[in-house]
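The structure comes first, and my entries follow.

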Amino acid sequence: MSSHKEGWGSRVGLVLAMAGNAVGLGNFLRFPAQAVQNGGGAFIIPYLVSFLLMGVPLLWIEWAIGRHGGKYGYHSTPGMLDSMTKAKWWKYVGVFGIFTNLTVAAYYCYLESWTLAYVWHSITGAFEGKTATEVANFFNHYVGIVDGGFFNFPVEAIFFFLITLGVNIWILSRGLSKGVEIASKIGMPLLILFGIFLAIRALTLDAGEQGAINDATMGLNFLWEPQFDSLTNPKVWLAAAGQIFFTLSVGMGSIHCYAAYVRERDDIALNAASAGWMNEFVEVLLGGSIVIPISVAYFGLDWVVAPGNVGLFMGFRTMPVLFQNWGPILAALAGVMWFGLLFFAGITSSLAMGQPVMAFLQDHFKIERARSAKLFGACVFSFRCGVSSSMDTGRSRNSMTGQEHSHLWCLHCSSR
Ligand code: TRP
C-alpha cells in the first residue's frame, strides 16, 4: 500500500488526461489503415457497435476498479486486484497491467520519436521538392534500412528517441497534476485544432485542383457508405473490436491507474463516457478525414484499397509528399501540424503507459517519483534495444518493400 498522495487537479484536467490516454497514434495511423483494409463503410458499423457494446462498458469497469483500488492506496493493477478479493493469487494476474504498458511503450515511444523528428524536418523544409521515392528513401534511411548494409545504426533516430524519452521522464517526474495534466491541457486542444485544420484542407480538395485527380469527398463516401453484407464477416468484427481495444487503451491497466487518482466522490460514469466519446470524435471525425480523403484525392480509390498501400507507415512515407502539392508554405505548415498532432497524441498516451509502471514502483517498493520515472525510461530504452538486437541475427525481408536488409532498429518486419 502506498503513502504517495497524488491526485488530479480538476475535472477538466482529469477528462483531458483520460482522453489523452486514449487518443494516440492509433487514432490517426492505425484507424485509417484498419478501416481501409476492412472495406471502409463495411468497417464502420461493426466498429461503432463494438464501441457502444464493448468499449463503453469496459471503460466503466476499468474506471470503477481503478477508483476502488485508489481508495485503498493502490494505483496499479496488482494492488487493485488484491484489494478486491481474498484469494492471494489474484494480484499476480495484475502483473499484466504493468507489462502490457511496458511492451507497448517499447515500440510506441520509438514511433512517437519519429513524429518529433518529422516536425523538425518539416520546419527545415527537408521534404521540399522531393519526389515520392526520395521521401520514401528518406524514411528508410531515417529508420536504418540501408539495402546492402550489414550494420545499421540510425544515429538520428536514436537521438530523437532519447529526446522523446527525456521529455516523457521530465513530465512524469513533475507528477500528475503538474505534469500529465498540464501536458494534456496543452496537447489535446492543439491536437484538435491541427486536426480540424488538416481535415478542412483535406475535404475541400477538388479534382483538378493542386494536382488532385479526385474530389477528396470520394474518400469520405468510401468510409461512410454503410455496407451491410460485412455484418456477417467475422474478420471485420475482429478487426473492429481490436481497434476499439487499442484506441480506448482498455485491457492494459492504464485506465485503471489514472482512475485510481480520482477522488472518492467524483462521478465516474459521466467522466468515463466523456473521455470515451472525445476519443471517438477525434478518431472517426478527424482521424477519418485526413489520410483517407487526401490519398483518395491524389491516388484514387483503387490504389487506396489495394493491399499494402495504406498502412501504419503511410503517415511518414507518403503524407509529406502529398503536402508538397499545396505549395511550399502550406506544405511546411501542414507537415508541422500533421507530425505535431501525432506527437501530442503520442506523448499523452506514452505518459499513460509510464504512470502505471511508476505507480507500481512507488506503491510497492517506495521508490520516489523522479526515480521511478527514470526507471521507466530506462526499461523502455532497453526493451527497445533488446527487441532490436534479438532480431538482429541476420538479414530479413522488409514486409513493405520486399527488400532484404540487415535488421537492427527496423520496425517494418513484424506483421504490423
Ligand atoms: N490508445 C492509444 C492509441 O490509440 C494506444 C495505447 C495502447 C495505449 N495501449 C495503451 C495508451 C496503454 C496508453 C496506455 O494510440
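I began with the ligand and found that a backbone N or O atom of Ala-22 lies 2.9 Å from one of the ligand's nitrogen atoms, which I read as a polar contact, that is, a pair of N or O atoms within 3.5 Å. I noted that this is a predicted model, where local features need pLDDT of at least 70, side-chain atom pairs count only at pLDDT 80 or more, and totals for chains, interfaces and linings use all residues. Residues are numbered from 1 along each chain as its sequence is written, and side-chain values use heavy atoms, with hydrogens and water left out.

Next I looked up two further backbone N or O atoms: that of Gly-26 is 2.9 Å from an oxygen atom of the ligand, and that of Phe-246 is 2.7 Å from a ligand nitrogen.

I then asked how many residues surround the ligand. There are 16, and the closest are Ala-22, Gly-26, Tyr-108, Phe-246 and Ser-249, where near means having a heavy atom within 4 Å. By class, this shell holds seven nonpolar, nine polar and no charged residues, with Gly counted among the polar ones.

Last, I turned to salt bridges (a side-chain nitrogen of Lys or Arg within 4 Å of a carboxyl oxygen of Asp or Glu), and the count came to four. In one of them, the side chains of Glu-6 and Arg-369 meet at 3.3 Å, N to O. This pair links distant parts of the chain, 363 residues apart.

Key: A polar contact is a pair of N or O atoms within 3.5 Å; within protein, one must be able to donate a hydrogen and the other to accept it, and residues adjacent in sequence count only if both atoms are side-chain atoms. Helices (H or I, at least four residues) and strands (E, at least two) are DSSP runs, numbered from the N terminus.
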